[in-house]
Amino acid sequence: MVRLFGPLVGLFFAVALLWSFGNGAYTAITEPAAPTAEHDFHLLPKKVHFASDGAFGKFDKAQLQRGFQVYKEVCATCHSLKHIAFRDLAALGYSEGEVKAIAKQWGTKQPTFDVKSGERGERDNIASDYIPAVYYAGQGVPPDLSLITKARHDGGAYVASLLTGYQEQPAELLKKFPDAKTPDGLYYNPYFANLNLSMPAPITGEGQVTYSDGTKATVDQMATDVSAFLIWTAEPKLDKRKQTGWAVLGFLLVATVLAYLAKKNIWADKH
Amino acid sequence: MSFPWANEYKPAFGLTQWLDEKLPLPRFVYNAVGAGYPVPRNLNYMWNFGVLAGFCLMLQIVTGVILAMHYAANAGVAFDSVEHIMRDVNWGWMMRYAHANGASAFFVVVYLHIFRGFYYSSYKAPREMIWLLGVVIFLLMMATAFMGYVLPWGQMSFWGAKVITGLFGAIPLVGEPIQIWLLGGFAPDNASLNRFFSLHFLLPFVIAGVIILHIWALHIPGSSNPTGVEVKTESDTVPFHPYYTAKDGFGLGVFLLIYCAVLFFAPNALGHPDNYVPANPLSTPAHIVPEWYFYPFYAILRAFTYDFFFIPAKLMGVLAMFGSILVWFFLPWLDTSPVRSGHYRPLFRKFFWFGLIPTMAVLFYCGGAPAAEPFVMISQVASVYYFAHFLIILPLVSSIEKPEPLPFSITEAVLGKDESAVLNANPTAA
């Protein structure tokens, strides 16, 4: 039975597939897929080096602090960072006092609600609070940035490329795709998947923030710093992960060599 | 079952003697995976993957139970509870990465186990039942992995659930009610997430149960081996312990080295960035793809792009996708060659290495690629070969092929000579 019906079933699927193939091939020849502006002009992220790259990479805490400053003074106007609590910032090298001060001085306060009186109010942030949500009324939906570098391919480099990638729409693009002109209220950026986004260039010029450690705040420097910071927010345990990994691999290597020798010894008379 | 020369369990201490009378569990283990189970002496490293698959299941259960202590299966908080595990739970990041990559490791190991079965025809009599149970385990694994991927409630979780449950919608008449029944609503939502969590917790234990049957069925004829020649005499076998426990121990070390390298240094390499975006029913991702281990079957699903007479393309795709795995159930009866091992089957071997393996690689690549030309046309050609390989080529090859001469026995294959071949004219009596 199986040998009778098997080939018939096989032929059935094969013919149905060839039918799809033939139709698809005919369509591909008669109506070849039209090129799109996204396909022709979208760019992959630039090569950007981060201290945390690679199996031996570790976060550069001074850079993370600079990145946090860029987030606080630039990005936080529109973007939330909901998975980060103020206490987490201690990992960037801030002292307990500094963390408390950062929380207390944070612009957006914590909403409060008195269950007895029903009154709503506000209080200062404390270290155990999560960074308060940002509500944005303008065009577009600014995503929460906590996980942004893990939510994009090559995330750190992507963020840095996007921040420095704003430009005039190339004349070549408009010539080839006259309909693809960037609509009003959107901004052209070849690193963005569909080339036009609602966010205007957030980092506009040198010295937009003043770094306390004396680093010169060039556009590239600020973009790289904030990207490094967002790599940290996406995975604060990155350093510990790699450190643990080396210890585990070291142990396993020794154990595997011993297991190999034991196996060789046991099998010595059986080959 | 066992061969007559199997070692017998002899409890050495008072306690073990007492236990052996009341509940002979040590005897059971001794006969199952101890010195009481004689195994062909010529197993190569491809025979390590059964034990490794069992290890992966235990790893998934242990890490999964710990994750379930901290995870919340509610559509409002599921995504954030995973981040809570990653950030606030002690070693939570390690448990989650171990579990997510553990699923990938499990599939790698099981694919190697299955393809070893293909090459050495491990499915042939008298081992059909082991094979059938193995395919059942694979189907259960696929269901479990799919539901597990929904739990973080990211974009790919949501849209993957929508696409996969949508497959049932292709069934005529009853499709849509079934889809709504599976999801507990018209689209994936809290009801779907809750039941997927419940089933994701249950199914691994069902898998463990079927594995027990799989191993039980294995112990009736005993393990297959690379020559495909059955065990004849004691010199063909070695006791499982210490010979294969030692060999599996080394295999486990190599496996763990690779697995931990991924876990600690590239834990997101096999995942999809979109799943770090919370589920959003109003925003469809540009490319919806399942986890990598489903790529070949996803490519077959998408290869049907035009209605075939009165059968809608989507239904054809669904039938073919399920058919592509169900066909494995029939392998013991499709491949009728009396020779088991691909090592002695010149034509079969050619179709395996130059047909099936490249086809799987192509389908794998196309399944992860966008649903656009040329990938669709390539996956159509590859799918034709896939079905033809199992349903047409394999039966044909079995009848026209002239196999190469087999060794007299396993012992001869290992040592180059077997004394019983000379001394004993009737080896089956041994």
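Visitor: How many residues of chain A are in contact with chain B, and what makes a contact?
Guide: 46 residues of chain A are in contact with 50 residues of chain B. Two residues are in contact if their C-beta atoms, placed from the backbone, lie within 7 Å. The model is predicted: local features need pLDDT of at least 70, side-chain atom pairs count only at pLDDT 80 or more, and totals for chains, interfaces and linings use all residues. Residues are numbered from 1 along each chain as its sequence is written, and chains are lettered from A and ligands numbered from 1 in the order in which they are written.

Visitor: Which element gives the most to the side of chain A that touches chain B?
Guide: α1(A) does, with 18 residues. The elements giving two or more residues are α1 (2–30) and α8 (238–267) of chain A. By class, that side of chain A holds 28 nonpolar, 10 polar and 8 charged residues. Here Ala, Val, Leu, Ile, Met, Phe, Trp, Tyr, Cys and Pro are nonpolar, Asp, Glu, Lys and Arg charged, and the others, Gly among them, polar.

Visitor: Why are α8(A) and α10(B) called roughly antiparallel?
Guide: Their angle is about 160 degrees, with the axes 8 Å apart. Angles over 145 degrees count as roughly antiparallel, under 35 as roughly parallel, 65 to 115 as roughly perpendicular, and the rest as oblique. α8(A) and α10(B) are therefore roughly antiparallel. Axes are lines fitted to C-alpha atoms, for helices over the stretch in contact, and angles run from 0 to 180 degrees between N-to-C directions. The contact of α8(A) with α10(B) has 21 nonpolar, 5 polar and 4 charged residues.

Visitor: Why are α7(B) and α8(B) called oblique?
Guide: The axes of α7 (residues 155–168) and α8 (residues 175–183) of chain B cross at roughly 140 degrees and come within 7 Å. That angle falls in the remaining class, so α7(B) and α8(B) are oblique to each other.

Visitor: Which residues of α7(B) and α8(B) meet?
Guide: From α7(B) come B:Thr165, B:Gly166 and B:Phe168. They meet B:Gly175, B:Ile178, B:Gln179, B:Leu182 and B:Leu183 in α8(B). The class count is 4 nonpolar, 4 polar and no charged residues.

Visitor: How do you know that α5(A) is largely enclosed?
Guide: 10 of the 10 residues of α5(A), residues 155–164, are buried, so the helix is largely enclosed by the rest of the structure. A residue is buried with 20 or more other C-beta atoms within 10 Å of its own, exposed with 12 or fewer, and partly exposed in between; the C-beta atoms are placed from the backbone. Among the buried residues are A:Tyr158, A:Val159 and A:Leu162. The buried residues of α5(A) pack against α7 (219–234) of chain A.

Visitor: Why is B:Ala372 called exposed?
Guide: B:Ala372 has 9 C-beta neighbours inside 10 Å, so the residue counts as exposed. B:Ala372 sits in the loop between α14 (346–368) and α15 (375–400) of chain B.

Visitor: Which peptide bonds are called cis, and what are their omega values?
Guide: The bond from B:Ala125 to B:Pro126 is cis, with omega near 5 degrees. The bond joining B:His241 and B:Pro242 is cis, with omega about 10 degrees. B:Pro126 lies in the loop between α5 (92–119) and α6 (128–150) of chain B. B:Pro242 is in helix α10 of chain B.

Visitor: How do you know that the radius of gyration of chain B agrees with a compact globule?
Guide: For 430 residues a compact globule would have a radius near 22 Å; chain B has 24 Å, which agrees. The radius is taken over C-alpha atoms, and the globule rule is 2.2 Å times the number of residues to the power 0.38. Buried residues make up 46% of chain B.

Visitor: What is the radius of gyration of chain A against the same rule?
Guide: Chain A has 27 Å, but a compact globule of 271 residues would have a radius near 18 Å. Buried residues make up 26% of chain A. The C-alpha trace of chain A spans about 80 × 75 × 50 Å along its principal axes.

How values were computed:
Helix = DSSP H or I, 4+ residues; strand = E, 2+ residues; numbered from the N terminus.
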